[in-house]
Amino acid sequence: RQLGSTDLRWQWINLVNSPSVSSDRTMKENIEYVRNGDITYTDMYNFVKDDLELAKYNFIGQEKTEMNFIAQDLLYNLDGTDNKVGQFIVEPIAPNTEEEITAIKENLEEGQEYHDPTLSYDMGNYISVLAGALKETINKVENQQKQIDQLTALVNKLINKEGTDK
C-alpha cells in the first residue's frame, strides 16, 4: 500500500504528532544486529563524518531553497567504490501503478529512452545510521574520558611524589 506515485508525489504531510513506526519484534524476521553484521557502527560513524555531503538546491519548478543531500552522492565513495552505508539508505522509486508501468512500456516501444528510477532515501534507515554513528561517538568519548582520568591520576601521583621528595 502506497500513497502518491512516482509522478504524483506528496509535497507536504501535516501531522499533529510524530508518525508511529511499526517496530515490534513479532512483526519482523531475519533479525541480525548491527554489531554482528556487515555494516558496523564504525562504518556509520565514518559515513556521517566523511561521506555525508549536504547541498542547497530547489526542486525544479519551485523557488524555495532546500538543504539536504543528493541520493546519488550517497551511493559511492569519493574513489568511486560502493558506499555500503549509503547503498543501505538509498532506494529507487520504482513505478508503482499499472498506468506508470504501461507508460514506460509504451515509451520504450516508441524508441524513447528509459531512465533509471528516481532515487530517494529511506528516512528510517537514515535515522538508524545517525543513531549508530552517535553510539560510536559516545563510545569514543567515553574511552577518551577514561584515558584522561588515568592520565590525570598519573600526573597527580607524580606531582604528589615530587612534593614529598623535597
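**Before you start**

You are looking at a predicted model, in which local features need pLDDT of at least 70 and side-chain atom pairs count only at pLDDT 80 or more, while totals for chains, interfaces and linings use all residues. Residues are numbered from 1 along each chain as its sequence is written, and side-chain values use heavy atoms, with hydrogens and water left out.

**The whole chain**

Begin with a cartoon view. The protein chain has five helices and four strands; these are DSSP runs numbered from the N terminus, with helices being H or I of at least four residues and strands E of at least two. From the N terminus, their order is α-β-β-α-α-β-α-β-α.

Of the 166 residues, 13% count as buried. Here buried means under 20% relative accessible area, exposed means over 50%, and partly exposed lies in between, with a 1.4 Å probe and protein chains only.

**Select Asp43 and Lys84**

Asp43 sits in helix 1. Which residue forms a salt bridge with Asp43? Lys84 does, with the closest N and O atoms 3.2 Å apart. A salt bridge here is a side-chain nitrogen of Lys or Arg within 4 Å of a carboxyl oxygen of Asp or Glu. This pair links distant parts of the chain: Asp43 in helix 1 (residues 41-51) and Lys84 in helix 3 (residues 84-89), 41 residues apart. Lys84 is partly exposed, at 44% relative accessibility.

Stay on Asp43 and show its surroundings. Beyond its neighbours within four places in sequence, Asp43 is in contact with Asp38, Lys84 and Val85, contact meaning heavy atoms within 4.5 Å.

The structure holds three salt bridges. To visit another, select Asp50 and Lys49, whose closest N and O atoms are 3.0 Å apart. Then try Glu66 and Lys64, which meet at 3.8 Å, N to O.

Zoom in on Ile89. Not counting residues up to four places away in sequence, Ile89 touches Phe47, Ser120, Tyr121, Asp122, Asn125, Tyr126 and Val129.

**Select the rings**

From Tyr121, move to the aromatic cluster formed by Phe69, Tyr121 and Tyr126. Rings of Phe, Tyr and Trp (its six-membered ring) pair if their centres lie within 6.5 Å; planes under 30 degrees apart count as stacked, over 60 as edge-to-face and the rest as tilted. How do the rings of Phe69 and Tyr121 pair: stacked, edge-to-face or tilted? Their centres are 4.6 Å apart and their planes at 50°, so the pair is tilted. Phe69 is buried at 7% relative accessibility, whereas Tyr121 is partly exposed at 22%.

**Last stop**

Finish with Tyr45 and Lys140: Lys140 lies over the face of Tyr45, 4.7 Å from the ring centre. A charge sits over a ring if NZ of Lys or CZ of Arg is within 6 Å of the ring centre and within 35 degrees of the ring normal.
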